[in-house]
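Work through these exercises with the sequence and the model side by side. Try each task before you read its solution.

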Amino acid sequence: ASMAAASALNHTSPSAMTRSSVHGMGRHAGGGRQGAIRRHGHHPGRGVWWHGMSGTDRPDTGRRRQWSLPADLLLLALIYFCTARLALLLAFEHTNASPFWPPAGIACAALALLGPRALIGILIGASAANAVTFLGNGQTEPLRLAALSLLIGLGNTLGAAAGWWVAGRPRIGAGWSFGPVAALRLLAAAAVAGLAAGVVGASTVVAGTGLPAALWPLILRIWAVGDAIGIVVLTPLLLAWWSAERPEARRSGPVYLAFALAVGVVVAVPAVDAALPLLLALPLLALPTRSRRTLWTVALLAVVVVIWRTITGHGPFAGADSMQGLLRVQWALCFPALLLLLDGVLLRGPLRGDDARDADVVPSGADSSAPRVAPACTPGVRHRPWHAAGRVQGRVGNRGQRSPGGAARHRKDAARHLA
């Protein structure tokens, strides 16, 4: 019986053999799916060829996996830090407050891509950005500087986690069906995340810097609305560019050309400064193209232009009091919330990676003509990291002799269990 089983397995593709052996052995051992996971090293984020292999039989990828965890988190922290510093360039003079906070949207998008472990990178990036800001404001006491920066960073991390939870803990690897319900949940997530980060941030700034307590509501409002606008604009933009473009999307060149002409007219003709808010409606021109990338790219450019013109003293939102101008322009920037609802209703569809990025990995020696089974994509399951997907595919494909005996040992191990 053992020889017959081994002979049959020699002519069976690893993927087909893996499915039968893992599921059969899991049921026979009385452990079901969890028993198969414990005994045979099942990992949904790897390819099918990993199923049923013990720790000693797996290819030696531990060295690369060891550095994959901190690499993407440090990259996220760096992106968060640099974006925060750029956002402060849009802050009003002598207020150090920006009506638009893109790092909040980056944090929510990172959670959808990386899962809960992205919170570590968010905390590092937010704490570093606030530390540099306090240094620029003359705060030089080390303990106070570290405590204030860490508290505000924790508030930003808490806000991102709360927003991701309210949005339903979406994961792009599992496919996020973005429709009207998802759009409403993302709006609610933006409100919750902004409020959570704003309460912690405003309380820390007032208590730690000696500002009057009467300014706490105003700081909370600016903080919360700025974070919410950042989530509404940046999160769908980043996820749209990460995911595959819609098949029915049309060419978007005329939309970008119309936006460039409108900005040129507003900048060159001071008499039309009153029409500055109309720039926020130009993303509506992208709806007929059915392109989610175009819609949110034009929306981001419109928000940046409106804030820039207001800071420089142009347009209907500018005034003698910079704080009042900040509050007025923030209300105008809430227009992207309507775009989010229109996106969910008119451009509804899944957000997920390209097929090439999510392709399964086949080891050296496997039958390339055999059908490959995609790894399980279920909510709450850790999938292959976004930064390592291309490396794993390239490493196994270009260096196929990474584990020359892996498939043979796999077949022998399965034949022994079946016997």
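Contact here means heavy atoms within 4.5 Å. Keep in mind that this is a predicted model.

**Exercise 1. The whole chain**

Task: Find what share of the contacts in the protein chain between residues at least 6 apart in sequence join residues at least 24 apart.

Solution: 
- Start with the elements. The protein chain has 15 helices and two strands.
- Next, take burial. Of its 419 residues, 48% count as buried.
- Now count contacts between residues at least 6 apart in sequence. Of these, 75% join residues at least 24 apart.

**Exercise 2. A threonine in a loop**

Task: Decide whether Thr289 is buried or exposed, and list what it contacts beyond its neighbours within four places in sequence.

Solution: 
- Thr289 is in the loop between H10 and H11.
- Apply the cut-off. Buried means under 20% relative accessible area. Thr289 has 8%, so it is buried.
- Leave aside neighbours within four places in sequence. Thr289 is then in contact with Glu248, Ala249, Arg250, Arg251, Ser252 and Val255.

**Exercise 3. Leu340 and its surroundings**

Task: Determine which residues Leu340 touches, not counting those up to four places away in sequence.

Solution: 
- Leu340 is in helix H13 (residues 336-346).
- Check burial. Its relative accessible area is 0%, so Leu340 is buried.
- List the contacts. Leu340 touches Phe178, Ala183, Leu186, Leu187, Val232, Pro236 and Trp296.
- Take one of them. Trp296 is 44 residues from Leu340 in sequence, yet the two are 9.1 Å apart in space, C-alpha to C-alpha.

**Exercise 4. Rings and a charge**

Task: Classify the one aromatic pair in the structure.

Solution: 
- Identify the partners and the geometry. The rings of Trp176 and Phe178 have centres 5.3 Å apart and planes at 90°.
- Compare with the cut-off. Planes over 60 degrees apart count as edge-to-face, so this pair is edge-to-face.
- Check burial. Trp176 is buried at 9% relative accessible area. Phe178 is buried too, at 3%.
- Look at another ring. The charged end of Arg309 sits over the ring of Trp308, 5.6 Å from its centre.

**Exercise 5. Helix H8 and what follows**

Task: Find how far H8 reaches and which residue follows it.

Solution: 
- Count residues. H8 (residues 180-209) has 30.
- Take its span. H8 reaches 42 Å from first C-alpha to last, close to the 44 Å expected.
- Step past its end. Gly210 follows, with a positive phi near 80°.

Technical notes
Residues numbered from 1 in each chain as written. Predicted model: local features only at pLDDT ≥ 70, side-chain atom pairs only at ≥ 80, totals over all residues. Heavy atoms only, no water. Phe/Tyr/Trp six-rings, centres within 6.5 Å; stacked < 30°, edge-to-face > 60°. Buried < 20%, exposed > 50% of the residue type's maximum accessible area, 1.4 Å probe, protein only. Lys NZ or Arg CZ within 6 Å of the ring centre and 35° of its normal. Helix = DSSP H or I, 4+ residues; strand = E, 2+ residues; numbered from the N terminus. Expected span 1.5 Å × (residues − 1).
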